[in-house]
Amino acid sequence: MVPVETPSRRLSSGLHAEMRFAGAGGWQLVVDGTPQSHVDPERPELLVYEYVQQIGHVIDALPPGPVTAVHLGAGALTLPRYVDATRPGSRQQVIELEPLLVELVREVAPLPRGASVRVRYGDAREQLGRLPAGLRGSADLVVVDVFSGSQTPAHVTTVEFHALVRDLLAPDGVVVVNIADDRTLAFAKRQLAALHEVHGEVAALADPGMLKGRRFGNVVAVAGAALPDLDAIGRALRRDPLPGKVVSGAELRRFLGGALPARDADATPSPAPGRGVFG
C-alpha cells in the first residue's frame, strides 16, 4: 500500500527534507529537490544509487569480519545498515549536521534492533576531533559523503581535512569519498590530488562516461596506506547495471594531469548540479 503522506522536515539550514515512497518498501531521501539516498529497511543489503553500489564494492573487498566504521554524513543511513547487515558485529559512528534529518529518516526507516550505530551531531570536520580517543588509529573504514543541499562544502575537501581523517584510520584502513562534479571534473581532480598527497595510495571508481566528462555525476575515491583488492572491485563494477571501472596508478596520474590538491586557502564547494540533472 502506498503511504498517504510524504514525511518531511524543515532543517535548521532552511532546506526542506522529505522521505518519498519509492515502491516495494523503499524510500528516497530528497533534500530541496536533490535526491540524497535510497533505503529499504527490509532489505538493507539493497544498494540502488550507482555511487552507493560502488562504495558497497569497496566495503565488500575489505578483509572478512566486523569492521570499525565512521560515516561523515548520514543520508538515509543506507551504508551503516549495509555494513551492519553484511558484517555483523561491526561498530559504527555516524556524524551528521542535521538532527532533524536523522529524526525524519528514523521515523520512516528505523535502524535494525541491536545495530551498534551511534549518531553524533555537528559539523563533520569539527566533530572529528571530538570522537572517542579509542577510535584514533582503529577505523577500518571512513566514508565521507557530506552535502549541504546539492553541494559538498569546501572545508571537507582539502588536504588539511583529509589529514584529520587519516588520523582515524587503522594501518590498513581506507577512506572512501563520494565526489560530485560537473563535466569539467576539476573539483574531482583536486580532491583526488589531495587524497594522494595525504595517503599516497588512491584510486577512482566511476562509469567511463563520467570519467570522460560526458555528464554531471559522481566519482568515488578510495585512499589509504594500502588499498583493497582493486581487481575484485573492478570485476564487481563491471557487473553493475551501469558498469564502472577502476582508475589507479599511471592511468590515474594521467587523468589528474597535474591538478593541484585542494587546500583550506583555496578550496571551493562542489559544483551545483544544473537544472534537469535529477529529472
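Where does arginine 166 lie? Arginine 166 lies in helix H5. Before I go on, a word on the source: this is a predicted model, in which local features need pLDDT of at least 70, side-chain atom pairs count only at pLDDT 80 or more, and totals for chains, interfaces and linings use all residues. Residues are numbered from 1 along each chain as its sequence is written, and side-chain values use heavy atoms, with hydrogens and water left out.

Helices (H or I, at least four residues) and strands (E, at least two) are DSSP runs, numbered from the N terminus.

Back to arginine 166. Arginine 166 is partly exposed, with a relative accessible area of 37%. Buried means under 20% relative accessible area, exposed over 50%, and partly exposed in between, with a 1.4 Å probe and protein chains only. If we set aside neighbours within four places in sequence, arginine 166 is in contact (heavy atoms within 4.5 Å) with Val198 and His199. Serine 12 is 154 residues from arginine 166 along the chain, and their C-alpha atoms are separated by 30 Å.

Now the helix pairs. Two packed helices are described by the angle between their axes and the distance between the axes. Axes are lines fitted to C-alpha atoms, for helices over the stretch in contact, and angles run from 0 to 180 degrees between N-to-C directions.

Helix H5, residues 159-166, packs against helix H6, residues 186-199, at an angle of about 45°, with the axes 9 Å apart. H5 and H6 are therefore oblique to each other. For the cut-offs, angles under 35 degrees count as roughly parallel, over 145 as roughly antiparallel, 65 to 115 as roughly perpendicular, and the rest as oblique. The crossing of H5 and H6 is right-handed. A crossing is left-handed if the near helix is turned anticlockwise from the far one by less than a right angle, and right-handed if clockwise. On the H5 side the contact is made by Val159, His162, Ala163 and Arg166, and on the H6 side by Gln191, Ala194, Leu195, Glu197, Val198 and His199. By class, that contact has 5 nonpolar, 3 polar and 2 charged residues. Here Ala, Val, Leu, Ile, Met, Phe, Trp, Tyr, Cys and Pro count as nonpolar, Asp, Glu, Lys and Arg as charged, and the others, Gly among them, as polar.

H6 also meets helix H9, residues 249-256: their axes come within 10 Å and cross at roughly 130°. H6 and H9 are therefore oblique to each other, and this crossing is left-handed. Lys189, Leu192 and Ala193 of H6 make the contact with Leu252, Phe255 and Leu256 of H9. The residues of this contact divide into 5 nonpolar, no polar and 1 charged.

Next, helix H2, residues 78-86. Among the buried ones are Leu79, Pro80, Val83 and Asp84. Glutamine 92, in strand E6, touches Leu79, Pro80, Val83 and Asp84, among others. Glutamine 92 is buried too, with a relative accessible area of 3%.

Last, the sheet. How many strands form the open sheet? There are 4, in the order E1-E2-E3-E4, and the pairing is antiparallel; two strands pair if DSSP finds at least two bridges between them. Strands E1 and E4 stand at the edges with a single partner strand each, so one side of each is left without a neighbour in the sheet. The twist averages 20° from one strand to the next. E2 and E3 pair over 6 bridges.
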